[in-house]
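Hi everyone, thanks for making time.

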Amino acid sequence: MLNLPISNIIENFFKYLIIIFPAALIIGPAPTDIIMTILALFILIHAIYYRQFYYFNNILFKAIFLFYIFLIFSSFMSTNILHSLESSIFYIRFALFAACLAYFLDKYKNLETWFFSCLIFCVLFVSFDGFIQYFNGKNIFGFINEHNNRISGVFKDELILGSYVSRLLPLCLYFLSYKYGNSNIIFSITIFSIIVFDTLVFLSGERSAFLYLLITTIGVIFLTQKLRIIRIISIIISIVIITSVSLVDSGLKNRMIDNTLKQFTTSTDHIDLEKKFYLFSEEHNDHYISAFRMFKDSPIYGHGPKMFRKLCMDDKYKTIWGCSTHPHNTYMQLLSETGLVGFLSIFFLFLL
């Protein structure tokens with residue numbers, strides 16, 4: 001009889017970890033990774049102790065597990081095994097984390113509602129806090145905006161405000177429309193929320209986040225039915241607002257629009273005045289060239305996870321601006337570090 005209350009207390013603790021996960025993302029990578037690891041260990045221990053492997057016995061988990069085994073293999077084939085294993089050996093925690101979420105969402109039907117409440121509150125909070133910093137120069141915590149044409153809000157020195165909002169927007173859309181979107185009030189709230197998110201991502205000055213937002217918008221319009229009208233209405237209003245902001249804030253317009261278009265053809269090498277086309281910018285273009293050279297050198301299983309940063313200065317792969325911690329493109333990183341096997345595994349998983 002004593003085991004049941006203790007078990008409930010333990011599971012309630014893990015439930016709350018899931019609920020506050022969107023807030024942990026705001027605090028930083030450390031608490032996020034700690035929560036993810038704790039939940040991954042819970043489902044693993046729970047499955048072994050009770051011999052319940054239901055959430056591991058499906059094609060998605062098996063596919064990710066096979067990909068994980070391949071990553072380990074690729075690390076052992078790399079020129080710096082220990083460095084590569086730092087990235088690959090703990091990759092399985094993502095699959096275990098997903099299995100843990102499935103377990104709790106199935107067992108506790110009200111967990112979705114609590115998680116959604118925390119999610120939408122966090123995204124709206126960081127959005128309105130970003131607006132405050134944009135107009136006042138500092139947010140509600142007193143964090144001063146020290147970056148030209150950029151705002152960071154609650155993230156202080158990290159310029160990831162737009163990324164946080166744009167990447168959680170699809171999840172917000174799912175909950176707002178598919179789970180709770182059966183009334184005119186929710187319909188109106190959804191449109192208002194999306195307009196707020198769209199505008200904030202633009203104001204953040206994060207071009208990659210804004211591009212991600214546009215890609216998500218295209219996907220929603222062409223691949224969904226229930227969300228299509230909502231997204232069309234919201235994007236039209238957002239475009240009007242963003243256009244108005246651009247006319248007033250020339251600095252933001254210069255960064256988000258003018259400089260972006262200019263970087264497609266402008267070289268950072270002042271000696272080379274010839275107009276060329278670059279993917280996003282010359283720096284990005286050089287990253288992709290370095291990554292592609294690595295891929296050609298080891299096309300099947302790549303050079304190993306986390307190895308781009310170690311090899312990008314090698315004469316065989318080196319370009320003027322091509323060396324960084326990663327090539328700034330997920331698929332180019334997959335090709336260079338995991339070859340065709342890793343790239344096609346993820347590509348077909350996403351298609352599925």
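Some ground rules. This is a predicted model, so local features need pLDDT of at least 70 and side-chain atom pairs count only at pLDDT 80 or more, while totals for chains, interfaces and linings use all residues. Residues are numbered from 1 along each chain as its sequence is written, and side-chain values use heavy atoms, with hydrogens and water left out.

Now the overall build. You're looking at 15 helices and 0 strands; these are DSSP runs numbered from the N terminus, H or I of at least four residues for helices and E of at least two for strands. The radius of gyration is 23 Å, close to the 20 Å that the globule rule gives for 352 residues, so the protein is as compact as a globular protein of that length. That radius is taken over C-alpha atoms, and the rule is 2.2 Å times the number of residues to the power 0.38. Along the principal axes, the C-alpha atoms fill a box of roughly 80 × 55 × 40 Å.

How much of it is buried? Of the 352 residues, 43%, where buried means under 20% relative accessible area, exposed means over 50%, and partly exposed is in between (1.4 Å probe, protein chains only).

Let's zoom in on Ser 75, in helix 4 (residues 59–76). Ser 75 counts as buried, at 0% relative accessibility. Its side chain makes a polar contact with the side chain of Ser 84, at 2.8 Å. By polar contact I mean a pair of N or O atoms within 3.5 Å; within protein, one must be able to donate a hydrogen and the other to accept it, and residues adjacent in sequence count only if both atoms are side-chain atoms. Leaving aside neighbours within four places in sequence, Ser 75 also has contacts (heavy atoms within 4.5 Å) with residues including Leu 85 and Pro 305. And the C-alpha atoms of Ser 75 and Glu 337 are separated by 9.2 Å, though the two are 262 residues apart along the chain.

Next, charges. The structure holds 6 salt bridges, each a side-chain nitrogen of Lys or Arg within 4 Å of a carboxyl oxygen of Asp or Glu. One of them joins Asp 33 and Arg 93 (3.1 Å, N to O). Asp 33 sits in helix 3 (residues 29–50) and Arg 93 in helix 6 (residues 92–107), so the pair ties together parts that are 60 residues apart in sequence. Asp 33 is partly exposed at 32%, whereas Arg 93 is buried at 18%.

Last stop, the loops. Lys 306 lies in the loop between helix 13 (282–297) and helix 14 (308–311), and His 328 is in the loop between helix 14 and helix 15.

That's my tour, so over to you.
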